[in-house]
Amino acid sequence: MIKVGVFGASGRVGKLLLEELKNTPDMSLSCVYVRNDLDFSIDPSVLVTADMRSFLKSCDIVVDFSLPEACEILLEEAVKTPRPLVIGTTGLNTHQLNLLKNASELMPILYATNMSLGVALLSKLVNLAAARLDGFDIEIVEMHHKHKKDAPSGTALTLAESAASGRGLDLDKVRVSGRDGNIGERTKDEISVMALRGGDIVGRHTVGFYNDGEFIELNHTATSRSTFSKGAIRAASWLVTQKAGLYSISDCLEL
Ligand code: NAD
């Protein structure tokens, strides 16, 4: 039985992870990390702790859906008590991404800004389309619920990276994140990534390739957050047997 620790257990995705684990053969919830008291009931056999070391020592693998500052604390502690980590938290800054890369020298880490199979495949399709549809303008639009804190979404940035790499471009040099005022015509290589927020939208991403006379739009819509929790559990069962290193969701799905 694989003992799973959930980091961010009281969050929207975290709560679904706890439910998912109840129905997952060969895996059980062993511990949750909390800053304050837990605001819902949990099986008494599960360790509920605010002590990171005890949390890490009580599980075989950690699944994290929290916030960047929380994920940073997890990574700092994990290098002292290494455990395989499935990281779903988005919006990590350069320092936090470096921590993640360094930690992956000591333990297997799967970092995915989107755990769904559909988005993993979409990312491949975007890379192919960007490479083949030479001269088409690439524009990305993402929509999420009003509570989402980071923008644009980690998924939109991952898709933009796939598009840029298909074109042999450096995303940092070509990314546009807003247009306002008399800014002039669109430049050839720019890749825009625009974020809309409202209501309870779980996640919608559209990557458009626009040319004179035709366009293609590749679209993914998540209709339930359970697609992320299910994907993260699948990633955990794969990651637990891997050696130290940094993995993507495509590695796990063998796409
Ligand atoms: P949420 O706000 O509902 O939950 C955040 C959780 O983090 C809560 O349990 C909160 O208590 C915990 N937390 C916050 N600060 C903390 C700290 N300092 N120490 C410990 N715990 C702390 O958010 P959510 O909608 O569940 O999303 C969580 C993260 O996962 C976000 O970054 C979101 O963008 C990302 N996300 C990723 C995917 C994916 O497939 N990779 C899918 C959906 C959401």
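User: What do the side chains of Glu-142 and Arg-197 form?

Analyst: In this predicted model, Glu-142 and Arg-197 are joined by a salt bridge, with an N to O distance of 2.7 Å. The pair connects distant parts of the chain, since Glu-142 belongs to strand β7 and Arg-197 to strand β9, 55 residues apart.

User: Buried or exposed, what is Glu-142? And how accessible is Arg-197?

Analyst: Glu-142 is buried, because its relative accessible area of 0% falls under the 20% limit. Arg-197 has a relative accessible area of 31% and is partly exposed.

User: How many salt bridges does the count come to?

Analyst: The count comes to 11 salt bridges. One of them pairs Arg-186 with Asp-137, whose closest N and O atoms are 3.4 Å apart. This pair also links distant parts of the chain: Arg-186 is in the loop between β8 (175-176) and β9 (191-197), Asp-137 is in strand β7 (residues 137-144), and 49 residues separate them.

User: What is the relative accessibility of Arg-186, and of Asp-137?

Analyst: Arg-186 has 26% relative accessibility and counts as partly exposed. Asp-137, with a relative accessible area of 28%, is partly exposed.

User: Which residues are linked in a network with them?

Analyst: The network of salt bridges links Asp-137, Glu-139, Arg-179, Arg-186 and Glu-190.

User: What about Asp-150 and Lys-148, buried or exposed?

Analyst: Both Asp-150 and Lys-148 are buried. Their side chains meet in a salt bridge of 2.9 Å, N to O.

User: Changing topic to the sheets. What is the strand order in the sheet with β7?

Analyst: That sheet is open and has 5 strands in the order β8-β9-β7-β10-β11, with mixed pairing. The edges are taken by β8 and β11 (214-222); each has a single partner strand, so one side of each lacks a neighbour in the sheet.

User: How does β7 run with β9, and with β10?

Analyst: Strands β7 and β9 run parallel and are joined by 7 bridges. Within that pairing, Met-143 has Leu-196 in β9 as its bridge partner. Strands β7 and β10 run antiparallel, again with 7 bridges, and Ile-138 has Phe-209 in β10 as its bridge partner.

User: And β10 with β11?

Analyst: Strand β10 (residues 203-211) runs antiparallel to β11, and 9 bridges join them. Val-207 stands opposite Leu-218 in β11.

User: Which helix lies across β7, β8, β9 and β10?

Analyst: Helix α6 (residues 154-167) lies across those strands, and its direction makes an angle of about 170° with β7. Leu-157 has its place in α6 and is partly exposed, with a relative accessible area of 27%.

User: Now the packing. Which residues of the largest nonpolar core touch the most other members?

Analyst: Val-6, Val-86 and Leu-110 do, out of 34 residues in that core. Elements giving two or more residues to the core include β1 (2-7), α1 (12-22) and β2 (27-33). Helix α8 gives the most, with 7 residues. At least three residues come from each of domain 1 (2-111 + 225-253) and domain 2 (117-222).

User: What is Leu-110 in contact with?

Analyst: Leaving aside neighbours within four places in sequence, the contacts of Leu-110 include Val-86, Met-115, Trp-238, Leu-239 and Cys-252. Apart from the core of 34 residues lies another core, of 20 residues, among them Ala-129, Ile-138, Val-174 and Val-193.

Definitions and conventions. Residues numbered from 1 in each chain as written. Predicted model: local features only at pLDDT ≥ 70, side-chain atom pairs only at ≥ 80, totals over all residues. Heavy atoms only, no water. Salt bridge = Lys/Arg side-chain N within 4 Å of Asp/Glu carboxyl O. Helix = DSSP H or I, 4+ residues; strand = E, 2+ residues; numbered from the N terminus. Buried < 20%, exposed > 50% of the residue type's maximum accessible area, 1.4 Å probe, protein only. Core = buried A, V, L, I, M, F, W, Y, C linked by side-chain atoms within 4.5 Å. Domains from an automatic or database assignment. Contact = heavy atoms within 4.5 Å. Pairing = 2+ DSSP bridges. Axes fitted to C-alpha atoms, helices over the stretch in contact; angles between N-to-C directions.
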